[in-house]
Amino acid sequence: MKRMILFALGALFVGLVSCEKEDIALDATADSFIIVKTVETDEGPEYRYGLALHVFANKPMRTVTAGPENDAAVSYPLEAYGGYAYDFYTQTADDKFSASLPYVGNYLFAVSAQTGETASLSDKLLDELIYPTDSLKAAYDATAQEMKITWNKIDDADYFKVKMFDADEKLVFNGPAIVPGTTKEYKFKSTTSGWASGKSPVNGAQYVIELNAYLYEPGKKDLDLQAKTINFKNVTWGN
């Protein structure tokens, strides 16, 4: 299943968009990072790696493509996230994750805005990684009417996000960033901020919880990611 990442871009991005005027030049930022997840094989659990590419701008974009600097024949089209033209994203399809790392080095981005302006960007992908936790547990507390998830520490993680998907693989909950990176538990209920519009948990329904851990690029925060990990857990909401 294809699950895309919703980023909290923060006050900087909001400011960029809110001041959009015809006399302000296109200002876009690109990011590339590695996604790590665990899969079950005949030999036991193994890590698999994918690539994510992300561009956001202060003006609505028409097209965005990106590719590794070492191979001009490789080009990845990015898509407007949720139809939002200020934020373009793509990642490796679930069935295309590999036992090998994606190309480590510079990625080149070509941006075309709806105003006709263009921009050429680059971002250097490093080989620094974090890895999924080796234990993710979830339990529903009937007294508190909340779901509690716990996990073993992920070394070097900067922050976490918890998401939940329904049986149709639709995102129903997208929680806030969880800091610090040493955090090892999270609780949420029907009144917690992060539920999709019109969505609330249904007693007895089956869901999939997704725990995401993030690592920033060295010396950078907020907008520049280096790696992300994914863990999944099947849960039943309620008694």
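The model is predicted, so local features need pLDDT of at least 70 and side-chain atom pairs count only at pLDDT 80 or more, while totals for chains, interfaces and linings use all residues. Residues are numbered from 1 along each chain as its sequence is written, and side-chain values use heavy atoms, with hydrogens and water left out. In outline, the chain has 1 helix and 14 strands, and 47% of its 239 residues count as buried.

**Overall make-up**

- Helices (H or I, at least four residues) and strands (E, at least two) are DSSP runs, numbered from the N terminus; the chain holds 14 strands and 1 helix by that scheme.
- Buried means under 20% relative accessible area, exposed means over 50%, and partly exposed is what lies in between (1.4 Å probe, protein chains only).
- A contact is a pair with heavy atoms within 4.5 Å. Take the contacts between residues at least 6 apart in sequence: 65% of them join residues at least 24 apart.
- Accessible areas come from the Shrake-Rupley method with a 1.4 Å probe, and for residues only the protein chains shown count as cover.

**Salt bridges**

- Side chains of opposite charge can pair when their charged atoms come close.
- The rule here asks for a side-chain nitrogen of Lys or Arg within 4 Å of a carboxyl oxygen of Asp or Glu, and the count comes to 5 salt bridges.
- One of them pairs E117 with K59, at 2.9 Å from N to O. E117 sits in the loop between strand 6 (106–113) and strand 7, and K59 in the loop between strand 2 (44–57) and strand 3 (61–68), so this pair ties together parts that are 58 residues apart in sequence.
- As for cover, K59 is buried, with a relative accessible area of 2%, whereas E117 is partly exposed at 25%.
- Another joins the side chains of K189 and E146, at 4.0 Å from N to O. K189 belongs to strand 12 and E146 to strand 9, so the pair ties together parts that are 43 residues apart in sequence.
- In that pair, E146 counts as buried at 13% relative accessibility, and K189 counts as partly exposed at 27%.
- K148 and E185 also meet in a salt bridge, at 3.7 Å from N to O. K148 is in strand 9 and E185 in strand 12, so the parts tied together are 37 residues apart in sequence.

**A negative surface patch**

- D127, E128, D155 and D156 form a negative surface patch.
- Patches are made of residues with over 30% relative accessible area and no salt bridge; like charges are joined within 9 Å, and nonpolar side chains (Val, Leu, Ile, Met, Phe, Trp, Tyr) within 5 Å.
- The place of a charge is taken as NZ of Lys, CZ of Arg, CG of Asp or CD of Glu.
- D127 is in the loop between strand 7 (118–124) and strand 8 (136–141), and is exposed with a relative accessible area of 52%.
- D156 comes from the loop between strand 9 and strand 10 (159–165), where it counts as exposed at 57% relative accessibility.

- Q145 is not a glycine either, yet has a positive phi of about 55 degrees.
- Q145 lies in the loop between strand 8 and strand 9 (146–151) and counts as exposed at 52% relative accessibility.
- V179 and P180 are joined by a cis peptide bond, with omega about 0 degrees. P180 is placed in the loop between strand 11 (171–174) and strand 12 (185–189).

**Around A196**

- A196 is in the loop between strand 12 and strand 13 (206–216), and counts as partly exposed at 26% relative accessibility.
- Leaving aside neighbours within four places in sequence, A196 is in contact with L171 and V172.
- The C-alpha atoms of A196 and K170 are separated by 9.7 Å, with the two residues 26 apart along the chain.

Note on methods:
Lys and Arg count as positive and Asp and Glu as negative; His and the chain ends are not counted.
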